[in-house]
Amino acid sequence: MKTVENNRLFIDGVSCSELRESYKTPLIVYSRSDIKKRIGEIKRDFLEKYPGTKCAYAAKAFLCLEMCRIIKEEGLSLDVVSMGELALALKAGFPAERIEFNGNNKSKEEISEIVKRDVGRVIVDGTDELELLEAECKRQNKTASCLLRISPGVDSHTHRYITTGHIDSKFGIPLERKIFNPIFERALNSPYIRLLGFHFHVGSQLLENSSHIKATVVLLDLINELNAKYGFIPKELNIGGGFGIKYTPKDIRPSYSSFLDAVMKLITEGFDKMGMAVPSVVIEPGRSIVGEAAVTLYTIGSIKEIPGVRKYAAVDGGMTDNIRPALYDALYTAVNAENVAAEDMETITICGNACESGDILIKDISLPKLKRGDLLAVFSTGAYCYSMASNYNMHTKPAVVMTENAESRLIIKRQSIESLWENDCKL
Ligand code: LLP
């Protein structure tokens, strides 16, 4: 939880100045209490309200051993998409049966590991993947519990790089029946596949539920048709993640209820009408659990004014720890953590330290006059920042700490300079 005391920013009762002193900058600070608060909302507004539902945290938003422990403790499932995410989850002692494996191009090695580790759900993305999975299950003499990911053909209102449910998408199985039905039949009739139902994910940072609604309508029609043709009754439907968050004062974060109540109503009524038991509904939120829970602290370095054009303040991080403004034109807001509200405001552009003109974190923000050494706190950096961080220019990845009850704890060390060449071969 963020508070301001004596014009200074505190996170869970720990001052940002103290955090900088202890861990240096750039530093990503996660409030454990904020993460738990969001999970609490999911429990109240979805899991407890609609019995039989599940929530799988989308690891891609932010993953580390500590995050796995929180998700495990809170009783949620985990959505992973790579060998690396799976290995980390298992290393953290996360139960394999609560892991769901997504992704549009699972490798043979990944499929072999999925089967070997008895991963709870495989979200199958296409025919060849289904064939690989069947062959691997046969080899290991096992069955895999699967959902077929459909491409529902709906456009969502978000940046085109993070919309996934439209027709021209690399994700999911197209619903054209001559493509879909053979895959479905194969999965249904395979002795190695336990076909439980379907999956869709329509996009990310969605601020309203129209795409989820449209995709649900498409899915219900499909289920009705498959039931008539094959007598199939799904036991599980995964409706993905995508719930948007607040990045700037202008954004209004939708509640989980405002997203999910209408979808649940549609599903319940749809299944009642079709005379089938309502299946277990699963959601896969990532951003909405961790996004607003973190703040990135930077130290201000060089300040430059181009008369009549713009004034820049550079920070000791940038696109290497937050690629989102450069990649998606994402907007962020920030404060001077040691002078939150002041009289002498000015408009300034916060840029990073990478050799790239596009390395701008926040364009034209109003902040109290900055000087070298000031401490800048950028809000809502908990999702897809650390997980998309790079070593461009051989900048090292920042440290990550977690706060709770007026205490802070390092959860990911700052990357060392030496680690930058640890994979180089000595010639
Ligand atoms: N499930 C699936 C199958 C997904 O592909 C995703 C996100 C999620 C769940 C979680 O979505 P969320 O609740 O976090 O919106 N790097 C981009 C976001 C990419 C999202 C990819 N898939 C960004 O920084 O905005």
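Leaving aside neighbours within four places in sequence, which residues is N209 in contact with? The legends below refer to a predicted model.

**Close-up 1. N209 and its surroundings.** N209 sits in the loop between β11 (193–199) and α8 (210–230). Its contacts, apart from neighbours within four places in sequence, are S258, F259 and A262. A polar atom of the N209 side chain lies 3.2 Å from the backbone oxygen of S258. N209 counts as buried because its relative accessibility is 16%, and the cut-off for buried is under 20%.

**Close-up 2. Packing of helices α5 and α6.** Helix α5 (residues 108–116) packs against helix α6 (residues 127–140) at an angle of about 50 degrees. The two axes are 9 Å apart. That angle makes α5 oblique to α6. The crossing of α5 and α6 is right-handed. From α5, the contact draws on K108, I111, S112, V115 and K116. From α6, E129, L132, L133, E136, C137, R139 and Q140 take part. By class, this contact has five nonpolar, two polar and five charged residues.

**Close-up 3. R253 and its polar contacts.** R253 is in the loop between β12 (236–238) and α9 (256–274). With a relative accessible area of 18%, R253 is buried. The side chain of R253 makes a polar contact with the side chain of E292, at 2.7 Å. A polar atom of the R253 side chain also lies 2.9 Å from the backbone oxygen of S288. Leaving aside neighbours within four places in sequence, R253 is in contact with R38, E41, G244, I245, K246, S288 and E292.

Terms used
Residues are numbered from 1 along each chain as its sequence is written. This is a predicted model: local features need pLDDT of at least 70, side-chain atom pairs count only at pLDDT 80 or more; totals for chains, interfaces and linings use all residues. Side-chain values use heavy atoms; hydrogens and water are left out. Helices (H or I, at least four residues) and strands (E, at least two) are DSSP runs, numbered from the N terminus. Buried means under 20% relative accessible area, exposed over 50%, partly exposed in between (1.4 Å probe, protein chains only). A polar contact is a pair of N or O atoms within 3.5 Å; within protein, one must be able to donate a hydrogen and the other to accept it, and residues adjacent in sequence count only if both atoms are side-chain atoms. Contact means heavy atoms within 4.5 Å. Axes are lines fitted to C-alpha atoms, for helices over the stretch in contact, and angles run from 0 to 180 degrees between N-to-C directions. Angles under 35 degrees count as roughly parallel, over 145 as roughly antiparallel, 65 to 115 as roughly perpendicular and the rest as oblique. A crossing is left-handed if the near helix is turned anticlockwise from the far one by less than a right angle, and right-handed if clockwise. Ala, Val, Leu, Ile, Met, Phe, Trp, Tyr, Cys and Pro count as nonpolar, Asp, Glu, Lys and Arg as charged, and the others, Gly among them, as polar.
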